[in-house]
Amino acid sequence: LLKDIAVGFSNTLIPIRLSVLTPFTYPTKLQPGERIRVAIVTSDLGDTNVGRDITGWFHHHDPKKSKIEIFLYSTKQSDNTVWRRDVEEHAEHLIDVSMLSNLDIAKTINKDGIHIAINLNGYTKHSKNEMFAMQPAPLQINMKGYPGTMGAPWIHYLI
């Protein structure tokens, strides 16, 4: 039943997906020394269950040693809590896209050369599922905030 509901809702996003006049292009292969670029897209960077949980992720990521470059796209303005300030201090790249349209967020992610985009909201408040429907990255994953299928062909994995 939940999958049927998710598929039904994702089908409402197909016109948005088709509205992207020029499909996005993606990096074809990594250049020597280039890191995999991972986008984490969320509205939950403050005083939320997800926000409190992910704060520690960035403490353990060393950009000088890691083969992964993390881009954190915040779709909601800062609530100025200790959790948000901690992420702002420790994230490798934090981009506030809270004032951008879904299309402009998708263009930003694609322009940044993102290889993998992770949706931490899923079907929750302040999500950017319309943006994910435009598929700005070649591989897209649903994780954390909504622990169920998205029922959408542009979300390739669920963690």
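R84 and E88 both belong to helix α4, 4 residues apart, or about one turn of the helix; helices here are DSSP runs of H or I with at least four residues, strands are E runs of at least two, and both are numbered from the N terminus. Salt bridges that share partners also join R35, R37, E69 and E92 into one network, where a salt bridge is a side-chain nitrogen of Lys or Arg within 4 Å of a carboxyl oxygen of Asp or Glu. The side chains of R84 and E88 form such a bridge themselves, at 2.9 Å from N to O. R84 counts as buried, at 4% relative accessibility, whereas E88 is partly exposed at 36%. Buried means under 20% relative accessible area, exposed means over 50%, and partly exposed lies in between (1.4 Å probe, protein chains only).

## Basis of the model

This is a predicted model, in which local features need pLDDT of at least 70 and side-chain atom pairs count only at pLDDT 80 or more, while totals for chains, interfaces and linings use all residues. Residues are numbered from 1 along each chain as its sequence is written, and side-chain values use heavy atoms, with hydrogens and water left out.

## Salt bridges around R35

The whole structure contains 7 salt bridges. One of them pairs E69 with R35 at 4.0 Å, N to O. This pair links distant parts of the chain, since E69 is in strand β2 and R35 is in the loop between α2 (14–18) and β1, 34 residues apart. Both E69 and R35 are buried.

R35 also meets E92 in a salt bridge of 2.3 Å, N to O. E92 lies in the loop between α4 and β3 and R35 in the loop between α2 and β1, so the pair ties together parts that are 57 residues apart in sequence. R35 has a relative accessibility of 17% and counts as buried; E92, at 23%, counts as partly exposed.

## The sheet

Six strands form an open sheet in the order β3-β2-β1-β4-β5-β6, with parallel pairing. Its edge strands, β3 (93–96) and β6 (157–158), each pair on one side only. Two strands pair if DSSP finds at least two bridges between them. Strand β1 (residues 36–42) pairs with β4 in the parallel sense over 4 bridges, and I40 stands opposite I118 in β4.

## Nonpolar cores

The largest nonpolar core has 21 residues, of which V41, Y73, I109, I114, M131, F132 and W154 touch the most other members. Such a core is a set of buried Ala, Val, Leu, Ile, Met, Phe, Trp, Tyr and Cys residues joined through side-chain atoms within 4.5 Å. β1, β2, α5 and α6 are the elements that give two or more residues to this core. A second, separate core of 14 residues includes I40, L45, F58 and V87.

Leaving aside neighbours within four places in sequence, I109 is in contact (heavy atoms within 4.5 Å) with V41, Y73, I114, M131 and P136. D104 is in helix α5 (residues 102–111) and is partly exposed, at 33% relative accessibility. Its C-alpha is 8.7 Å from that of M131, although D104 and M131 are 27 residues apart in sequence.

## Positive phi angles

Most residues other than glycine have a negative phi. N80 has a positive phi near 60° and sits in the loop between β2 (68–74) and α4 (82–90). H126 also has a positive phi, of about 70°. H126 lies in the loop between β4 (116–119) and α6 (129–133) and is partly exposed, with a relative accessible area of 38%.
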